[in-house]
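Let's take a walk through a protein model together, one step at a time. Keep the structure open beside you and look for each part as we come to it.

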Amino acid sequence: MFASVLPLRAIAFQILFLLMAIAIESHVFAVQLTLPPKQTNGISPQQSVQIAATLNLLTAIAGWFVFFSVQPLLSPLLKQQLLGFIFFDQWSADAAFPAILAGFLTFFASFAVKLLGLSALEWLLLSPAEWAALREASSPRYRSGQRLLRDKDRDKKPPTNLSNTLLAANAFSYTAILAVLFARRIVDEVILRVG
């Protein structure tokens, strides 16, 4: 009775997907992300894992909150298909298009949540002196002085666009998760044919 109520498979896959996303996105962050003014040569691997874990946990919490908020508003048939798919791994051909649409919406919603989360993290982690340095860095006088120093700082990483880095990290992690879901579906089909 307890096993039919508690969706252990969904919980296990949520944990697997979170770990995969954290590993993939932390690598992308370590390679591409710079958070001025402290680190001009990038962030450390430990910081990238912390940032990826924070953003993915925030996204997972926000996603489940939205899911449980929207789920009562769905039609009974769609609600039954959605709950059967997510919690009990019961897939139907009628639910294919809504599932694909939900996947695209989830991708862009998670990107938006991660972008807001990273902006909030950056804001929370900067000291007042670093905020003053950021304000000075955005002033026109500083930018004209930066042009003179460009030749001197060629060995440093160029600043990256935060949204491009997050989009790349999100795309890589979603692609890996999609590959795991397809591989799982293929293995399930092979097991059903053999057994």
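**A buried glutamate and its surroundings**

Let's start with glutamate 25, which is buried, with a relative accessible area of 1%. Keep in mind that you are looking at a predicted model. Glutamate 25 sits in helix α2. What does glutamate 25 touch once residues up to four places away in sequence are set aside? The list is Ala52, Asn56, Lys114, Ala169, Asn170 and Ser173.

Two of these partners deserve a visit. With asparagine 56, glutamate 25 makes a polar contact, side chain to side chain, at 2.9 Å. With lysine 114, glutamate 25 forms a salt bridge in which the closest N and O atoms are 2.6 Å apart. Lysine 114 belongs to helix α5 (residues 96-125) while glutamate 25 belongs to helix α2, so this pair ties together parts that are 89 residues apart in sequence. Lysine 114 is buried too, with a relative accessible area of 3%. How many salt bridges does the model have? The count comes to 1.

Now step back for a view of the whole protein chain. The protein chain has 8 helices and 0 strands, so reading along the sequence gives the pattern α-α-α-α-α-α-α-α. Its length is 195 residues, and 26% of them count as buried. The accessible surface comes to about 13200 Å², with 72% of that area belonging to carbon and sulfur atoms.

Next, let's look inside. In soluble globular proteins, nonpolar side chains tend to be buried together. In this model, the largest nonpolar core has 14 residues, and those touching the most other members are Phe29, Leu33, Ile43, Ile51, Leu55, Leu118 and Leu166. Which helices supply at least two residues each to this core? They are α2, α3, α5 and α8 (162-194). Leaving aside neighbours within four places in sequence, leucine 166 is in contact with Phe29, Leu55, Phe111, Lys114, Leu115 and Leu118.

Apart from residues up to four places away in sequence, threonine 59 touches Ser110, Val113 and Lys114. Find threonine 59 in helix α3 (residues 45-70). Is threonine 59 buried or exposed? At 14% relative accessibility, threonine 59 counts as buried, because the cut-off for buried is under 20%. Its side chain reaches the backbone oxygen of leucine 55 at 2.7 Å, and leucine 55 is itself one of the core residues that touch the most other members.

Let's return to helix α2 and find glutamine 14 there. Glutamine 14 is partly exposed, with a relative accessible area of 26%. Setting aside neighbours within four places in sequence, glutamine 14 is in contact with Ala60 and Trp64. The C-alpha atoms of glutamine 14 and alanine 60 are separated by 8.6 Å, although the two residues are 46 residues apart along the chain.

Helix α2 (residues 8-32) also holds leucine 19. Is leucine 19 buried or exposed? With a relative accessible area of 56%, leucine 19 is exposed. Together with Leu8, Ile11 and Ile15, Leu19 makes a nonpolar surface patch of about 390 Å². Compare that with glutamate 25 in helix α2, which is buried.

Glutamine 81 is placed in helix α4 (residues 76-88), and at 16% relative accessibility it counts as buried. Glutamine 81 and aspartate 94 are 13 residues apart in sequence, with 8.5 Å between their C-alpha atoms. Asparagine 161, in turn, lies in the loop between α7 (140-149) and α8. Asparagine 161 is partly exposed, with a relative accessible area of 43%. Asparagine 161 and glutamine 32 are 129 residues apart in sequence, yet 9.0 Å apart in space from C-alpha to C-alpha.

Methods
Residues numbered from 1 in each chain as written. Predicted model: local features only at pLDDT ≥ 70, side-chain atom pairs only at ≥ 80, totals over all residues. Heavy atoms only, no water. Patch = residues over 30% accessible without salt bridge, like charges linked within 9 Å, V, L, I, M, F, W, Y side chains within 5 Å. Areas by Shrake-Rupley, 256 points an atom, 1.4 Å probe, with all protein chains shown as cover. Salt bridge = Lys/Arg side-chain N within 4 Å of Asp/Glu carboxyl O. Helix = DSSP H or I, 4+ residues; strand = E, 2+ residues; numbered from the N terminus. Buried < 20%, exposed > 50% of the residue type's maximum accessible area, 1.4 Å probe, protein only. Polar contact = N/O pair within 3.5 Å; in protein donor to acceptor, adjacent residues only side chain to side chain. Contact = heavy atoms within 4.5 Å. Core = buried A, V, L, I, M, F, W, Y, C linked by side-chain atoms within 4.5 Å.
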